[in-house]
Amino acid sequence: MRAKSVRADDIILGIQMERTSTRTAAATVESARQIPPEVRARYESVIGLEVHVQLATATKAFCACSTRFGDPPNTNTCPVCLGLPGALPVLNKRALELATRAALALHCTVLERSRFARKNYFYPDLAKGYQISQFELPLATGGWLEIESGASKKRIGITRVHIEEDAAKNLHEGFADADRYSHVDFNRAGVPLIEIVGEPDLRAPEDAYAYLTNLKQALEYTAVSDCNMEEGSLRCDANVSVRPRGTEKFGTKVEVKNLNSFRYLQHALEYEIERQIGDLEAGETIAQETRLWNVAAGRTESMRSKEFAHDYRYFPEPDLLPVRIDESWKEEIQRAMPELPDAKRARFVAQYAITAYDAGVLTATAALADYFEAVVRAGATPKIAANWIQTELLRRLNDAAKDISESPVRPEALAELLRAIESNEITSAIGKRVFATMFETGKPSAEIIASEGLSAITDAESVESICRDVLDKNPENVAKYRSGNEGVFKFFVGQVMRETRGRANPQTITDILRELLQKH
Ligand SMILES: [Zn+2]
């Protein structure tokens, strides 16, 4: 059994390791070299990502079995996904629709005619002896995704998007006979995936991180996939090479597998780039191979040489008709496309006059963006709503490990609180206290303000009399202020705030104190 403290993404890695471990020859172990920054600066890295995404369908790609995650092993199976002889696949239209939506969101050209192909190889998790995939006629080609790279924006090319089925899952642990047998769970076999093959346009691990972030966001916005990395709905492999800065020719490319969390992606790329530079500096050549990110050891390890690369003997899948996507269906999918993250960010800046940074945070998920817009619709000033959501709300949701959809404070309730602050019914400081109670109890702000007597002291005379009291009680600090110690002013404001329990407007207090101190 695994310890409870193991992170979910480590477990995913564990599964992937097991799947590939039997294919692994004795792993070559290299020690990490320390590359001096001036040496590293002479090289440029070239990275391209291949991302597999599970489509959010209820049923599998070529049969009616459920795709539900976590069901007891081998309960969601039938002759088709078990690969029994004579069983015939039928394409899931919803899978094709979601794949097409993803391709259009990534600005790809969707081919009018594409075709499924058999990718032949033998492995126990592949009962048919081949995987149904797409090869020479993929669903879509030639797209792009924009990322922020340093201070500028950069378009990263997308070579192709194709549909394929997932394999079953081999299990090597957790069974009494695990020392002798491996077990296979076919629930995952035949689950629809798309593979998104990126161009080698990325130049740094940070670029790769930004690309995967934006890709995941686009796929979540369009509801193509839940992109749940813990459940393996989004998996990433990288092709990495290095070349002397200023040269055109690509270096020898190494494929790194098992980059199934954002953290692993960045760490593995950093390690691999340093390893390749170290080898080149030592006068060695880079072998074209597939390597595996070993999270425990914090390094990539040789998995198989490309000399033994599989020849998959692709050929057209005879059991499935070619796929034809006509213009009208494509237009229909395009019309139903939700607003994409980039467009939403630009609109938020223009429509609500908030900063690009704020727009970036608020559009992190479609649900958060919807929440913000609902607060504004309910009457809050956009800039103030943006600030409160980013600070008070997100901090409390984060502490409570809650998603925005589970927020105990509904958008209308937050808008009501913000209106009370804007109309000076309560001070901003009191507003934060009221919000904390709203978050804990779910009560509306008006009720909390009334029951706890928190309305602002708006009458200036009351505030002035409290200010006078504070000055009278602290003659030595008044003397300090007079002799030029400006710092003591904050002390006076603090004392008045304490006396009024935060119910007086800080600006009013400041004005009155300045006036009183000048008079004396
Ligand atoms: Zn099935």
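## Charges over aromatic rings

Arg 514 is placed over the face of Phe 489, at 3.9 Å from the ring centre. A second case is Lys 128, which lies over the face of Tyr 130 at 5.3 Å from the ring centre. A charge sits over a ring if NZ of Lys or CZ of Arg is within 6 Å of the ring centre and within 35 degrees of the ring normal.

The model is predicted: local features need pLDDT of at least 70, side-chain atom pairs count only at pLDDT 80 or more, and totals for chains, interfaces and linings use all residues. Residues are numbered from 1 along each chain as its sequence is written, and side-chain values use heavy atoms, with hydrogens and water left out.

## Aromatic pairs

The structure holds 13 aromatic pairs. Rings of Phe, Tyr and Trp (its six-membered ring) pair if their centres lie within 6.5 Å; planes under 30 degrees apart count as stacked, over 60 as edge-to-face and the rest as tilted. The rings of Phe 62 and Phe 116 have centres 5.4 Å apart and planes at 85°, so this pair is edge-to-face. The pair links distant parts of the chain, with Phe 62 in the loop between β1 and α3 and Phe 116 in strand β4, 54 residues apart. Phe 62 counts as buried at 4% relative accessibility, and Phe 116 counts as buried at 2%. The accessibility classes are buried (under 20% relative accessible area), exposed (over 50%) and partly exposed (in between), with a 1.4 Å probe and protein chains only.

Tyr 209 and Phe 262 also form an edge-to-face aromatic pair, with 5.3 Å centre to centre and 65° between the planes. Here too the pair links distant parts of the chain: Tyr 209 is in helix α4 and Phe 262 in helix α5 (residues 262-281), 53 residues apart. Tyr 209 is partly exposed, with a relative accessible area of 35%, whereas Phe 262 counts as buried at 17% relative accessibility.

## Helix α4

Helix α4, which contains Tyr 209, covers residues 205-221 and has 17 residues. From its first C-alpha to its last, helix α4 reaches 24 Å, close to the 24 Å expected at 1.5 Å a residue; the expected span is 1.5 Å times one less than the number of residues. Helices (H or I, at least four residues) and strands (E, at least two) are DSSP runs, numbered from the N terminus.

Helix α4 is mostly covered, since 13 of its 17 residues are buried. Helix α4 is followed by Ala 223, whose phi is positive, near 55°.

## Strand pairing

Three strands form an open sheet with antiparallel pairing, in the order β5-β4-β15. Its edge strands, β5 (130-134) and β15 (315-316), each pair on one side only. Strand β4 (residues 116-120) is joined to β15 by two bridges, and the bridge partner of Arg 118 in β15 is Phe 315. Two strands pair if DSSP finds at least two bridges between them.

Strand β2 (residues 109-110) and strand β6 (residues 140-149) run antiparallel and are joined by two bridges; Val 110 stands opposite Ala 140 in β6. Strand β6 also pairs with strand β7 (residues 152-165) in the antiparallel sense, over nine bridges, and Ile 147 has Lys 154 in β7 as its bridge partner. β6 and β7 form a hairpin with two residues between them, and Gly 150 in the turn has a positive phi of about 65°.

## Zinc site

The zinc ion is coordinated by the SG atoms of Cys 63, Cys 65, Cys 78 and Cys 81, at 2.3 to 2.4 Å. Donors are N, O and S atoms within 2.8 Å of the metal (3.2 Å for Na, K and Ca); water is not among the atoms, so sites may look incomplete. The angles among the four donor atoms are 100 to 117°, and the site is tetrahedral; four donors count as tetrahedral if all angles lie between 85 and 135 degrees. The donor residues are spaced C-x1-C-x12-C-x2-C in sequence. Both Cys 63 and Cys 65 are buried.

## Positive phi in loops

Most residues other than glycine have a negative phi. Asn 74 has a positive phi of about 60° although it is not a glycine. Asn 74 is found in the loop between β1 (43-54) and α3 (93-105) and counts as partly exposed at 35% relative accessibility.

Cys 227, likewise not a glycine, has a positive phi of about 55°. Cys 227 has its place in the loop between α4 and β11 (234-244) and is buried, with a relative accessible area of 2%.

Notes. Tetrahedral: all angles 85-135°; square planar, octahedral: opposite > 155°, others 65-115°.
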